[in-house]
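User: Could you take a close look at the sheet in this model for me, and at what surrounds it? I'd like one connected walk-through, in plain words.

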Amino acid sequence: MGDTIANLKIGERGIIQDFCLDAIPLNLLEMGCLPGKEVRLLQIAPLKDPLYIKVNGSHLAIRIETAKQINITKLR
Amino acid sequence: MKSNSLLNIALVGNPNTGKTSLFNQLTGLNQKVGNYPGITVDKKQGKCKISEELTAEITDLPGTYSINPTTLDETIVLETLLNKNNDSYPDLVIVVAEVENLKRNLFLFSQIKDLQFPSILVINMSDQMARKGISIDIDALKKELKSEIVLVSARKKIGIDDLKKEIENFENWNTEPIANISDKIDTVFFEDIKTTFPEFSLYKSWLLITQQKNLGFLSRELHQKITAFNTESEKIKKYQHKETIYRYQIINEILKKTYAVDKNEATDLRSKLDRILTHRIFGYLIFFGVLMLIFQSIFEWASFPMDLIDGFFANLSELAKTNLPKGTFTNLIAEGVIPGIGGVVIFIPQIAILFMFIATLEETGYMSRVVFLMDKIMRKFGMSGKSIIPLISGTACAIPAIMASRNISDWKERLITILVIPFTTCSARLPVYAILIALIIPDERVFGIFNLQGLTLMGLYLLGFAAAISSAILLHNVLKIKTQGLFVIEMPNYKLPSFKNIFYEVVEKTKAFVFGAGKIILALSIILWFLASNGSAKFKNATEFVTAQESTNNLPDAVLNKKIASYRLEHSYIGIMGKVIEPVIKPMGYDWKIGIALISSFAAREVFIGALATIYNVESEGESNGTIKERMAAEVDPISGEKRFNLATGMSLLLFYAFAMQCIGTLAIVKRETKSWKWPILQLTGMGVLAYLVAVITYTILS
């Protein structure tokens, strides 16, 4: 446990558990990044930041600080 | 409802849904770009004939994922939909959704519905449903959403007439809300809101509370009422969170019944392209290649039309002089107005080409990949990946570039971007560079392939970027503003660009430049002409003063006339101004005539050439001897007898123009965008001091 989106490797998936509301922009939630949703890491930018994810049908790029705040359980 | 006036329609939707395509289809060339009162955000409006009796004014609101704004652009959507007194307050709302991301699009639609506007859902790109394996039960979806739905394919003009037909009937649309936020979150709290604001829909009242700081139009009384609810920010945040989850619950339920995707049909072209375009080596190489292509085209493609425009206005000026009756008015036209207009028009080719590229890159979805690729690097300089677009735009004109910074949500990143943009080499610097380089750098090749003049120009471009980056680092370390690091960007699917959309974008941006910056340039050209053709008593009686000097006895007429003309210029208002600043600019290697051009180009750089042209024109008293370049080359220092534009002075001028903040338009836009005089003044003085020092040092070393 203790996994976040930042721990995923390219191609891996996880289910979003929870996050600290203060650290997450509201618009990320509004674009579908919500607890219970599956998230998949598609790409990592060359300098390890930002991360390119697919969540709830949306393709998004988020920064690593944000990704570290989103707790997940990895799917294998 | 409004019977005799226009129907106000707001066009709302996520970015990348083809909202602009739909807008272009509905309005065609009947578009205008205005400003929202108080802010500089462009407001795109267009007229559309719905039926024989009904005409609508359609406002294309900035793309947004939610009514809750995170950027300045998105605040416009909120403000327009909540403020009844806004000119564009809609009678009905068209929400544009895209077939592939329907879920996320419905999130926004549910918010609009809850504001209880008559609203219609337009599902765009419906022609791609089959290919993407998507099926939608439209009738069921209509029932679930209590709304009319139209399937369109805006680029192929499919469904536009159906949409118009539905709009004719808008007064009968169902305006019930979709989400019952009250019951699902906190009944007591929301009942209290309902009784406090009986005049508004519940969702509107809730938005007034949560977005209080983003709303400028609230009356004092309303403010007080709202503040009473805004005591616990934690609670408000929690409820916003709950609301978001609740909306998605509803939407998921609805889509389960009405929407199906056959996953096997999904193409993997996107992931293949992503892998290449964001690759750690190829990604940067491709981006660099694209940049080179853009700059190359700006110079190669634009030079031909620019030469034509230049020649055309020179001839026109000549024509006016020879054909109009002699007098002050003719001089004003031929020496003030025509060159002034020419000075604006000449930039159109470059600006149009640049915006053509930027629009294409945005349309295809590539720009988001660049943002993704560059974010980490740009953050080292205190900026965001999103700063790339403004910085590239800055090579055309800083004014639209600064406006393009509005989609950077973090204030510090945005501010630094705005502050350093004026260092990038805008097209107004180009004519100055071009003529000075032609004068001082020999037209030779080095290593057999590189043209020395071209290399110098490239060096100046790189210098501009280097100055932007270093000042960004400085600002990053000096500015004590907390960054939130909030950054979310959608990576849209790749698309072929639409020629029509690009065309409209280019027309709009070019128009904005011509009528925005153009006005200033034209006005200044006229003022300059006036200052050069009027002056002190010595100016008015120049002939007597010159002929009274003994040395002028027995001179041939032509030489005498020249002496009179230059005496006149010296005692014209502008000449007096140039003389006043001469001691200050002398260390940079400039005389009072260059000083005049310098003063005039503090308003806009490109005026420099025009000013010198005007000065030498006035001086030569209408005898046209060659182009401005030839005249500049012939200009000598009366004391040393050396060429005025030698290497030392020329380099000093080039570097001065590379660094100095000489653009009133930019200063004005920075003031408006940052809502403070502090930042434009910082730019003006900081860049000015830097430019002066560099110019003095350069001149001292080279002379």
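Analyst: Let's start with terms: two strands pair if DSSP finds at least two bridges between them. Strands here are DSSP runs of E with at least two residues, helices are runs of H or I with at least four, and both are numbered from the N terminus. Keep in mind that this is a predicted model, where local features need pLDDT of at least 70, side-chain atom pairs count only at pLDDT 80 or more, and totals for chains, interfaces and linings use all residues. Residues are numbered from 1 along each chain as its sequence is written, while chains are lettered from A and ligands numbered from 1 in the order in which they are written.

Now the sheet itself. It is open and has 6 strands, running E5(A)-E1(A)-E2(A)-E3(A)-E4(A)-E12(B), with antiparallel pairing. E5 (70–75) of chain A and E12 of chain B sit at the edges with a single partner strand each, so one side of each has no neighbour in the sheet. Ignoring direction, neighbouring strands are turned by 40° against each other on average (axes are lines fitted to C-alpha atoms, for helices over the stretch in contact, and angles run from 0 to 180 degrees between N-to-C directions).

Strand E4 (residues 58–62) of chain A and E12(B) are antiparallel partners over 3 bridges, and A:Ile62 has B:Val488 as its bridge partner in E12(B).

That brings us to the contact between the chains, where two residues count as touching if their C-beta atoms, placed from the backbone, lie within 7 Å. Chain B puts in 32 residues and chain A 27 residues. On the chain B side, at least two residues each come from helix H3 (102–114), helix H11 (233–258), helix H12 (269–277), helix H16 (366–380) and strand E12 (488–490). H11(B) has the largest share, 7 residues. By type, the chain B side splits into 12 nonpolar, 11 polar and 9 charged.

Definitions and conventions. Ala, Val, Leu, Ile, Met, Phe, Trp, Tyr, Cys and Pro count as nonpolar, Asp, Glu, Lys and Arg as charged, and the others, Gly among them, as polar.
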